[in-house]
Structures are given as structure tokens and as C-alpha cells.
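Subject: Structure handover

Hello,

Here is the structure I said I would pass on. My notes on one part of the fold follow below.

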Amino acid sequence: MTEKKKNLSEFTPFKFNSVKDIRIGIVVSEWNEHITDSLLKGAADTLVEQGVKEENIYIQHVPGSFELPSAAEMMFQAMPKLDAVICIGCIIQGDTRHFEFISQAVAQGIANVGIKHAKPTIFSVLTTDNMQQAEDRCGGKHGNKGVEGAISCLKMLQFQENISNL
């Protein structure tokens, strides 16, 4: 029987070959701001800790999670030298089906942007049943999804570099 991981932000350190020269955009939803601010801090701090220059991290805010895919698309179009975009948001279940529609649209939209540009476009969006679950995943007992997004981004950039050398 496998044991469930308690802190999802633990990762095995790795060496990314050209991390200092990469440029990463981060788009952050203002909705549930106290959660998304913590996710942003986790992502940005992790990128810097891993060697990304602060001046190569471009942070923009959008009103809500629904706007994340179009904002990622706009960033790639406006900044062609951008290597990746991390999309940070928090969608919490309410009393209506709105949650399902928004969550699905955001996930599909972010995936489509990544496919269109063939660049890492990272889904670092919490989709939780309640506020406590969101707090547990933005620096609480289950780690910080922003940290996970930053590491996923770097690992995908490493993957991209690896396959371009085949």
C-alpha cells in the first residue's frame, strides 16, 4: 500500500544547465489574493533559489483565474524571447456549477497555450473544495503549489533542452 505524500513541494534537487539565461513569465490571479500571493512568493523564491535572475522573472496580475490562459498567450506574443509562463490561481468550490466550468476552461486554456507555443505553460492553479484546502496548499501542511509550479517549469525547460540536443 502506498503512502500519501504529506508535503507536495518536496523535490529532488537537480542541475539545470542554462538557468541563468532563461526568462520566465508569471501570471497571477487577484481573486483569492491572500492565497495567490503566497503561491507567487513560493514560485518566485524557488526560481531565484534555483539560479534564475530576478530581472528575468516577469510578473503580471490578472483579475481572476479565467483570465490566466489569455494572459499567458499575451505574454508569449508580447515577449517572444520568453521561455515559459507559470499560471497561478485559486478556484474554490461554491454552491453552483460555476467552479466546474471555470476550472475546466482554465485547465484546457493553459494546456492549449503551451501546445500552441511549444513552450512550458505551467498550471499552478489550486482547485479546492474549500478555503482550508487552499491554505493547506499555499504554504500549509501540503506545501506550496507555487514551488511545485516553479520546479515543473524548470524541469520542462530542461526536458526541452535535452530533446533539442538529440
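Strand E1 is covered on both faces: Ile24, Ile26 and Val28 are buried on one side, and Gly25, Val27 and Ser29 are buried on the other. Please keep in mind that this is a predicted model. Six of the six residues of E1, which covers residues 24-29, are buried, so the strand is largely enclosed by the rest of the structure.

E1 has two strand partners in my notes. With E2 (residues 57-62) E1 pairs in the parallel sense over six bridges, and Val27 stands opposite Gln60 there. The chain gets from E1 to E2 by way of H1, and this β-α-β crossover is right-handed. With E3 (residues 84-92) the pairing of E1 is also parallel, over five bridges. In that pairing Cys87 of E3 is the bridge partner of Val27. H1 runs over residues 33-49, which makes 17 residues. From its first C-alpha to its last H1 reaches 24 Å, close to the 24 Å expected at 1.5 Å a residue. Its buried residues are Ile35, Thr36, Leu39, Leu40, Gly42, Ala43, Ala44, Thr46 and Leu47. After H1 comes Gly51, with a positive phi near 110 degrees.

Regards

Note on methods. Residues numbered from 1 in each chain as written. Predicted model: local features only at pLDDT ≥ 70, side-chain atom pairs only at ≥ 80, totals over all residues. Heavy atoms only, no water. Helix = DSSP H or I, 4+ residues; strand = E, 2+ residues; numbered from the N terminus. Expected span 1.5 Å × (residues − 1). Buried < 20%, exposed > 50% of the residue type's maximum accessible area, 1.4 Å probe, protein only. Pairing = 2+ DSSP bridges. Right-handed = clockwise from strand over helix to strand, strands pointing away.
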